[in-house]
Amino acid sequence: MAAFAPFTGKVVLITGASDGIGAELALLLARQGARLALAARRVDLLQALAERIRRQHPAADVGVWRVDVSDEFDCRRLVATVVAQYGGLDVLVNNAGVSAHGYFEQVSDYSYYEQVMRVNYFGAMWCTREALPHLRERGGLMVAVSSLAGKIGVPGRTAYSASKFALAGFCEALRAELRGSGVDVCVVFPGVVATDTRVNGFGPDGRPLGESRLREEGAMSAQECARQMLAAMAARKRELVMTGKGRLGLWLKLLAPRLVENMALKALKQTGR
Ligand SMILES: NC(=O)c1ccc[n+]([C@@H]2O[C@H](COP(=O)([O-])OP(=O)(O)OC[C@H]3O[C@@H](n4cnc5c(N)ncnc54)[C@H](OP(=O)(O)O)[C@@H]3O)[C@@H](O)[C@H]2O)c1
């Protein structure tokens, strides 16, 4: 077990734990002896992850829940059943998310804008609403995974940026409301992380894109992203903005917004689409 292990024995619910950053975070938390509730739609992947955790840590307390966070009832049922099974909740990690790419004027089916909002914003809001009374009981922590695209509007990502700004704004307001309650809110803003998120995300026709349209060279690994996230959670930080370049971008946005637009356009593989 890790030497500094603030999550030992803590009940941690992670949405979007079947793959990518959420799965890596689960593996790190398992090393600390956290009691894990892993949730997503692909139960086969969740079960494989739970088995891997049990192989590595035979005493691990890990359960698997199927949830579609775009459905309010599902979110409420998820939190309620996790709390019933574990007797409470210490940490909610709102990590489930879907990506979307396509220049706004080239989008042919706008219905996915609503779905992106439901997954990336409403899902987190619904889970948080259900979890808050339980987090209050334990002086718990709510974590949300936004994106640098939730701090800086990114070309080709109008649907995604809007949803991640919404999530960040919700968290900022909630954090202020919760002051003195013992519950902290930690928002994570990753840059480009090497996962399948862009491949699985929506394209301009509303179907899965099937490829990444970002330059992926130099992407952070999902393991490193999860490691930085865990450190921020342990320190109960308000925000974690990832990469020096990301933090520089935030300053530059105040001073020279056009320059930041140029940088964002450069990061796209294909401009003009
Ligand atoms: N990778 C990046 O560059 C990057 C950068 C900034 C922010 N982020 C954010 O980081 C988070 C994790 O993404 P990732 O990069 O690890 O991508 P990923 O590997 O595609 O993981 C996304 C996770 O979200 C789950 N998910 C998607 N739709 C869902 C739904 N309707 N209900 C329940 N779960 C759902 C997926 O599980 P199922 O498909 O099994 O449901 C999967 O476990 C997301 O919020 C993403 O927006 C990623």
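Colleague: What does K151 touch, not counting residues up to four places away in sequence?
Modeller: K151 touches F165, F189, E239, V241, L250 and K253 on that count. Contact means heavy atoms within 4.5 Å. Keep in mind that this is a predicted model, where local features need pLDDT of at least 70, side-chain atom pairs count only at pLDDT 80 or more, and totals for chains, interfaces and linings use all residues. Residues are numbered from 1 along each chain as its sequence is written, and side-chain values use heavy atoms, with hydrogens and water left out.

Colleague: Where is the place of K151?
Modeller: In the loop between strand 5 (141-145) and helix 5. Helices (H or I, at least four residues) and strands (E, at least two) are DSSP runs, numbered from the N terminus.

Colleague: Which side chain does a polar contact join to that of K151?
Modeller: That of E239, at 2.9 Å. A polar contact is a pair of N or O atoms within 3.5 Å; within protein, one must be able to donate a hydrogen and the other to accept it, and residues adjacent in sequence count only if both atoms are side-chain atoms.

Colleague: How far is an oxygen atom of the ligand from the side chain of T195?
Modeller: An N or O atom in that T195 side chain is 2.6 Å from a ligand oxygen. For R198, a polar side-chain atom lies 2.8 Å from an oxygen atom of the ligand. I21 uses a polar backbone atom, 2.8 Å from a ligand oxygen.

Colleague: Now helices 8 and 9. At what angle do their axes cross?
Modeller: Roughly 140 degrees, and the axes of helix 8 (residues 244-255) and helix 9 (residues 257-267) come within 6 Å. Axes are lines fitted to C-alpha atoms, for helices over the stretch in contact, and angles run from 0 to 180 degrees between N-to-C directions.

Colleague: Which residues meet there?
Modeller: K245, G249, L252, K253 and L255 in helix 8 meet P257, L259, V260 and M263 in helix 9.
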